[in-house]
Amino acid sequence: MGFLPIHLLFASFLCFFSVLVSGSGRNFPILDFEEGYSPLFGDDNLVVLKDGKSVHLHLDERTGSGFVSQDLYLHGFFSASIKLPSDYTAGVVVAFYMSNGDMFAKNHDEIDFEFLGNIRGKDWRIQTNIYGNGSTNIGREERYGLWFDPSEDFHEYAILWTQSLIIFYVDNVPIREVKRRARMGGEFPSKPMSLYVTIWDGSSWATNGGKYKVNYKYAPYIAQFSDFILHGCAVDPTEQSSTCDHSSKPIPSGMITPSQRPKMESLRKKHLTYSYCYDRIRYKAPPPECVINPEEAKRLRVFDPVTFGKGTRRHHAKIRHYTHAASASA
């Protein structure tokens, strides 16, 4: 595993502890698309609206589409407001994620929000995941049911990434906290990453383990994006130096506030449907960084006694060990 130069680590440290604020992005500037992003793939399936601040990504029989941040970042707060496609969306995957797979093919890092479509009458689901230093053999997925219809209106989805933790937010409510633990070794994301946004065909796995595929008679599938925030320590990919202005770009400290903590616990209690830490089919013993919550374990066993109980047979839904390989080349 390679190490970042000491000046880059020090700059990131100063950048993050210049102020202590909660994980809200409401005080951060909203960017025009062309200020922060560039098209990735999909040609005219990527549509920038006249206001310059909103983007539509289309998926049809020809291709999906996507865009990527112009800068690499070492830590920061990243968010967008997203409205997902409606009606029959089985097999459709919308992804809002950070990765450096283009620079570190064999030891990449990744932080994922994935939105998984469904058949008519069934809800979209959210999947979160992280990889560090190419640790794709250990999937750290969690899945959640949604407590709203994400195709009716825009909702804010955000990633906070610091040197010591990662927090996923939905509408400013934290849904998952990943703390850096010594037992993870080098498997916590620690190298500069870009922010990617894509829509693509995940028929082979996304809905009931691939049972339900994308049906292109409902195409184009259109995901809508606005309110882009890219607030982090930008890194020069050639000189490996940070351009973070410590005085003008304070980054959230990563503290979950006393008012947010019970909201997160309540949300997880009601809507968490999968966590790798409790999966007895994939892991006979929990991965070493897992901290087992007995109440959470009990709820998941009731929800799915095979996966979260004794693990005596294969679960019907596939969980992927590597994400987005097809999205950038679709």
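Start by selecting helix α3, residues 260-271: its twelve residues reach 16 Å from first C-alpha to last, close to the 16 Å expected at 1.5 Å a residue (the expected span being 1.5 Å times one less than the number of residues). Helices (H or I, at least four residues) and strands (E, at least two) are DSSP runs, numbered from the N terminus. You are looking at a predicted model, where local features need pLDDT of at least 70, side-chain atom pairs count only at pLDDT 80 or more, and totals for chains, interfaces and linings use all residues. Residues are numbered from 1 along each chain as its sequence is written, and side-chain values use heavy atoms, leaving out hydrogens and water.

Next, show the side chains of Gln260, Met264, Leu267, Arg268 and His271, which are buried in α3 (buried is under 20% relative accessible area, exposed over 50%, partly exposed in between, with a 1.4 Å probe and protein chains only). Look down the axis of α3: these buried residues fall within an arc of 95 degrees, so they line one face of the helix (the arc is that of the directions from the helix axis to the C-beta atoms). On the face turned away from them, pick out the exposed Lys269 and Lys270.

- His75, in strand β5 (residues 72-83), has a positive phi near 80 degrees and is buried at 4% relative accessible area.
- Asn133, in the loop between β8 (125-131) and β9, has a positive phi near 60 degrees and is partly exposed at 24%.
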